[in-house]
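Please find below a short note on the model under review. The points run from the whole chain to single residues.

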Amino acid sequence: MGKKITIEEEEVKKWNLRMPEEMLAAVSNRFKLLSEPMRLKILRALCEGERTVQEIVNEVSASQANISKHLALMHDNGVVNRRKEGLKCYYRIADDSIIFACYLISKSVVENLQDRLSWLQKVDSDLSS
């Protein structure tokens with residue numbers, strides 16, 4: 001992933017205002033897909049490159065049936081691609097925008113937690129004074 005993406009706030013605002021109603025369901029479905037922690041673990045494993053199902057199973061410490069179920073759903077929704085080579089099935093991320101979205105959300109979560117911690121420390125300091 002050697003891409004560099006620049007997103008202008010005005011561009012985002014315009015896009016959101018112009019988003020057709022029909023797109024809301026599709027966007028919501030993408031967020032639902034990413035709302036499962038196991039799928040995020042799978043994506044994290046695939047960020048390092050193409051993996052077999054067994055390699056993913058070993059990396060995320062889950063059953064093959066569980067991983068296969070999630071991979072099938074992710075494949076059906078265009079998040080991962082797969083290829084078969086003999087008896088092995090290899091998966092890779094199909095849509096890098098998913099990784100960028102996860103990064104942005106993760107960064108936002110960390111910043112929010114840091115703000116809350118700062119506020120709590122200030123309250124604690126004020127109460128201790």
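**Notes on the predicted model**

1. Overall make-up. The chain contains 6 helices and 3 strands. Since the model is a predicted one, every value below is computed from its coordinates. In sequence order the elements follow the pattern α-α-α-β-α-α-β-β-α.

2. Dimensions. The radius of gyration of the chain is 19 Å, whereas a compact globule of 129 residues would come out near 14 Å. Along the principal axes, the C-alpha atoms fill a box of roughly 70 × 40 × 30 Å.

3. Of the 129 residues in the chain, 22% are buried. The accessible surface of the chain is about 9,700 Å², and 54% of this area is supplied by carbon and sulfur atoms.

4. As background, the strands of a sheet pair through backbone hydrogen bonds, and the pairing is either parallel or antiparallel.

5. Pairing of E2 with E3. These two strands are joined in the antiparallel sense by 6 bridges. In this pairing, Lys84 stands opposite Cys89 of E3. E2 and E3 form a hairpin that leaves 2 residues between the strands. Gly86 is in the turn and has a positive phi of about 65°.

6. Pairing of E1 with E3. Here the antiparallel pairing runs over 2 bridges, with E3 covering residues 88–93. Thr52 has Tyr90 of E3 as its bridge partner.

7. Arg51. This residue lies in strand E1, which spans residues 51–52. Is Arg51 buried or exposed? Arg51 counts as buried because its relative accessibility is 14%, and the cut-off for buried is under 20%. Leaving aside residues up to four places away in sequence, Arg51 touches Ala45, Leu46, Ile56, Glu59, Cys89, Tyr90 and Tyr91. Tyr90, one of these contacts, is also the bridge partner of Thr52.

8. Ser61. Which phi does Ser61 have? The angle is positive, at about 55°, although Ser61 is not a glycine. Most residues other than glycine have a negative phi. Ser61 sits in the loop between helix H4 (53–60) and helix H5 (64–76). With a relative accessible area of 65%, Ser61 is exposed.

9. Nonpolar surface patch. Which residues form the nonpolar patch on the surface? The patch consists of Ile5, Ile7, Val12, Tyr103 and Leu104, and together these residues have about 480 Å² of accessible area. Ile7 is placed in the segment before helix H1 (9–18). The relative accessible area of Ile7 is 51%, so Ile7 is exposed; the cut-off for exposed is over 50%.

Methods. Residues are numbered from 1 along each chain as its sequence is written. This is a predicted model: local features need pLDDT of at least 70, side-chain atom pairs count only at pLDDT 80 or more; totals for chains, interfaces and linings use all residues. Side-chain values use heavy atoms; hydrogens and water are left out. Patches are made of residues with over 30% relative accessible area and no salt bridge: like charges are joined within 9 Å, nonpolar side chains (Val, Leu, Ile, Met, Phe, Trp, Tyr) within 5 Å. Accessible areas come from the Shrake-Rupley method with a 1.4 Å probe; for residues, only the protein chains shown count as cover. A salt bridge is a side-chain nitrogen of Lys or Arg within 4 Å of a carboxyl oxygen of Asp or Glu. Helices (H or I, at least four residues) and strands (E, at least two) are DSSP runs, numbered from the N terminus. Buried means under 20% relative accessible area, exposed over 50%, partly exposed in between (1.4 Å probe, protein chains only). The radius of gyration is taken over C-alpha atoms; the globule rule is 2.2 Å times the number of residues to the power 0.38. Contact means heavy atoms within 4.5 Å. Two strands pair if DSSP finds at least two bridges between them.
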